[in-house]
Amino acid sequence: MTRVVSASIYSRAALALLSSTLACTNPPPVTATPDLATTPTSDLLSRPLLAVVGSDFTSGALSTVDPGSRAVRKNLDVVDAQPVARAFGSKLYVLDQTHGALRIYDAAQDFKNPLDVPVSQTGVVDGAQANPHDIYIDAQRQLAYLTLYGSLGSTQVTASRAIGVIDLKAPAAGLARFIALGTAAADTDGNPEADRLVGCGDTLYVTLQDLDRKRSYVAASPGRLAVLNLSSPGTPSYIQLAGENPSGLAVFPGCTEAIVGSAADQYGGTQLGKGGIERVDLLGLKTLGLALTDMELGGNVSALDAVDAAHVFADLQVKSGMTFNNTVYAVDAVAKKKGAALLGPMSFVAAVRVLDGRLVVLSAGSAGAGQLAPGLYLGPTSGAPLTDPAVDVGLPPQSVALVYQ
């Protein structure tokens, strides 16, 4: 979104199309990203809502779910057919990946009269070439950071424009500046494929997939984490990861450790030990290696979130012929053990999230024989299976965020 995880070059549309029609080959992964900001104290007594953007890849819609009562309000607004939702306090940010745009809602205003913002800079990066994958809000400085992945065939998104910055005091101006990121030595396309953004304290972490577009988006090397100090983000550090094609990132409170899921050859359906689940030492700026490889897990990690290193929730995708089966498992990355199956199989999982103390799984693909129906699944983070039926949010859910109303 796991991010597959993961929007991407083909974005969520291609991923779901792959799982339902089996017409796409080797698209980069798309996953969803965890909520990236600490909820302000003033919002702690507000009502939490799950904001869900759904799509049938022709049209998109915004809906909400009360996680306690499971009450749904459908079709609050029309959104892009390739949407990504992120929330910070009472504000909901929905990315339009097709056109390169951002819509900002205020849950305190019942999501009415949203603000539309371009994700572009005239003559430098057109909206249609931007393909924004994620957004992080630096509330202190009133800045929005966006990963620019670049659309299929884009020449405008390069390493020098991998991250775009919007000044929220003047959002109508669009991208005010860019933050350059380095490319991997073996990657010849000049684009690091910046994907997921997770903020912790005054540091912003960015997953870099390092895929080579000149070779059908195969991994040029294992992925990386870029580390940006928000007080001077123009000089990032890098953590070399062990797994190829990172598809999910969770950073734990205290900002000392992270869990990364890597999809490796997800759409080829092979498990060669090049992906899996790894622990990362954020203080030492180094990986602790793959706790479990994709071979040991028995599938490619397409989406991931975690409470801590011992309580990781990963969607494992297995290709059988031309069919994809996705099952969410509990994984202990400390003991290096794959636990119980919690939910599945499903044809496509758009996101696995830990939100408001609940495990949230978005099943977004057309159900094949023996597969669960699309919808939003809720359950505990105890490692127990998710047994409640899916919450029907209208269009298949593609991205979810926790917002406070």
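Two strands count as a pair when DSSP finds at least two bridges between them. Keep that rule in mind while walking through this predicted model.

Start with a sheet. Four strands make up an open sheet, and their order is β4-β5-β6-β7. The pairing in this sheet is antiparallel. Its edge strands are β4, residues 83-88, and β7, residues 115-118. Each of these edge strands pairs on one side only. From one strand to the next, the twist averages 20°. Strands of a sheet pair through backbone hydrogen bonds, and they may do so in parallel or antiparallel fashion.

Now look at one pair in that sheet. Strand β5 covers residues 91-96. Six bridges link β4 and β5 in the antiparallel sense. Find Phe-88, then look across: its bridge partner in β5 is Lys-91.

Strand β22 spans residues 300-308, and strand β23 spans residues 311-320. These two pair antiparallel over seven bridges. A hairpin of two residues joins β22 to β23. Asp-308 stands opposite His-311 in β23.

Strand β23 also pairs with strand β24, residues 323-332. Here nine bridges join the antiparallel strands. Two residues lie between the strands in the hairpin of β23 and β24. In that hairpin, Gly-321 has a positive phi near 65°.

Turn now to the core. The largest nonpolar core holds 35 residues. Which residues have the most contacts inside it? They are Leu-102, Tyr-145, Leu-146, Ile-166 and Val-206. Strand β9, residues 143-148, supplies the largest share of this core, with five residues. Take Val-206 as an example. Leaving aside residues up to four places away in sequence, Val-206 touches Thr-147, Ile-163, Ala-194 and Leu-228, among others. Its contacts also include Asp-195, Arg-196 and Arg-224.

Val-125 sits in the loop between β7 and α2, residues 127-130. Is Val-125 buried or exposed? Val-125 counts as buried because its relative accessibility is 0%, and buried means under 20%. What does Val-125 touch, not counting residues up to four places away in sequence? The answer is Ser-120, Ala-130, Gln-156, Val-157, Arg-161 and Phe-178. Val-125 and Leu-148 are 23 residues apart along the chain, and their C-alpha atoms are separated by 9.6 Å.

Key. Residues are numbered from 1 along each chain as its sequence is written. This is a predicted model: local features need pLDDT of at least 70, side-chain atom pairs count only at pLDDT 80 or more; totals for chains, interfaces and linings use all residues. Side-chain values use heavy atoms; hydrogens and water are left out. Axes are lines fitted to C-alpha atoms, for helices over the stretch in contact, and angles run from 0 to 180 degrees between N-to-C directions. A nonpolar core is a set of buried Ala, Val, Leu, Ile, Met, Phe, Trp, Tyr and Cys residues joined through side-chain atoms within 4.5 Å. Buried means under 20% relative accessible area, exposed over 50%, partly exposed in between (1.4 Å probe, protein chains only). Contact means heavy atoms within 4.5 Å.
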